[in-house]
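Q: I would like to learn how to read the features of a protein model, one at a time. Please give the general idea of each and then the case at hand.

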Amino acid sequence: VTGTPLEIAILIQEDLSGNFNLQIRDIAEFIRKLPKGTRVMVGYLRGGNLQTSQKFTDDLEKAARSLRIVSGVSYGGTGPYGGVHDAIKRFEALPTGRRALLLVSDGVDTSQGSSPADLTQTIDLDRSIARAQKLGVAVYSFYSPTPLTENRNPQLSLGGQSALQRIADETGGRAFFQGNLAPLSFIPFFKDLDILLGRQFALTYLSTHMKKGYHKVEVSSTNPEVKIEHPRGYYYR
């Protein structure tokens, strides 16, 4: 599927530390190299809310130009996942196909508490995972610190990364970290992401469950050396 268009939302947390702005050129280049016909949305997460910089468009150059520097200033709120949930809902208006979301964030939502366990069990995170599973959106996350996670309690960094790992695992994506520090460059992340997006398969199956709700699923290969990353379950309506 290397040349097959997809629908991808790129979400950036507004209060990331200033050195994130050095990565904007590489993000723009990633957008420009996406397959022709791909629809891209660019949004910024401020205080848990979504601010759309560019609605879904197949004009890749226009989407790349909609990127802007972040302020590095905290606007309050509980974390990024309320905005993530709103962004995932935007996929409802698009045709069915390959869907992905790239989240650049520190992953921290302290609405349920500040321990690592609390940070991975928040209401907005659960809602975002459920919505992504329903709409078939694979979430890929790049960890990038804010002043809160860069200079203070390292437990927040650990909890935020665990939350980013969870939303990626539950939706069939992948989380990318470089320890608890700001990555020097996103280029290695994008190289891996390009490979992942170029090796996607569409899988359909008939459910034998008649009970509405969430059902877990495991997808494996007859080749023991092959690892398949996939949504951890599905919703029967």
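Q: How many helices and strands does the chain have?
A: Helices (H or I, at least four residues) and strands (E, at least two) are DSSP runs, numbered from the N terminus. Here the chain has eight helices and eight strands. Its radius of gyration is 17 Å, close to the 18 Å from the globule rule for 237 residues, so the chain is as compact as a globular protein of that length. That radius is taken over C-alpha atoms, and the rule is 2.2 Å times the number of residues to the power 0.38. The C-alpha trace spans about 50 × 40 × 35 Å along its principal axes.

Q: What should I know about the origin of these values?
A: The model is predicted: local features need pLDDT of at least 70 and side-chain atom pairs count only at pLDDT 80 or more, while totals for chains, interfaces and linings use all residues. Residues are numbered from 1 along each chain as its sequence is written, and side-chain values use heavy atoms, with hydrogens and water left out.

Q: What share of the residues is buried?
A: Buried means under 20% relative accessible area, exposed over 50%, and partly exposed in between (1.4 Å probe, protein chains only). By that scale, 48% of the 237 residues are buried.

Q: What share of the contacts joins residues 24 or more positions apart?
A: A contact means heavy atoms within 4.5 Å. Among contacts in the chain with a separation of 6 or more, 74% are between residues 24 or more positions apart.

Q: Which residues touch the most other members of the largest nonpolar core?
A: A nonpolar core is a set of buried Ala, Val, Leu, Ile, Met, Phe, Trp, Tyr and Cys residues joined through side-chain atoms within 4.5 Å. The largest one has 33 residues, and I12 and I31 touch the most other members. At least two residues come from each of β1 (7-13), α1 (24-32), β2 (39-46), α2 (60-65), β4 (99-105), β5 (138-143) and α8 (187-197). Another core, of 24 residues, lies apart from it and includes M41, A87, L125 and A163.

Q: Which residues does I31 touch?
A: Leaving out residues up to four places away in sequence, I31 touches I10, V40, V42, L60, A63, A64 and L67. L67 sits in the loop between α2 and α3, and is buried at 11% relative accessible area. Its C-alpha lies 7.2 Å from that of V42, 25 residues away in sequence.

Q: Is Y81 buried or exposed?
A: Y81 is buried, with a relative accessible area of 0%. It belongs to helix α3 (residues 81-89). Beyond its neighbours within four places in sequence, Y81 contacts residues including L103, D109, L125, S128 and I167. S128 is 47 residues from Y81 in sequence, yet their C-alpha atoms are 6.5 Å apart.

Q: Where is F177 placed?
A: F177 is in the loop between β6 (175-176) and α8. With 27% relative accessibility, F177 counts as partly exposed.

Q: Which residues does R232 touch?
A: R232 lies in the loop between β7 (213-216) and β8 (233-236) and is partly exposed at 30% relative accessible area. Not counting residues up to four places away in sequence, R232 touches Q133, D169, E170, Y214, H215, K216 and V217.
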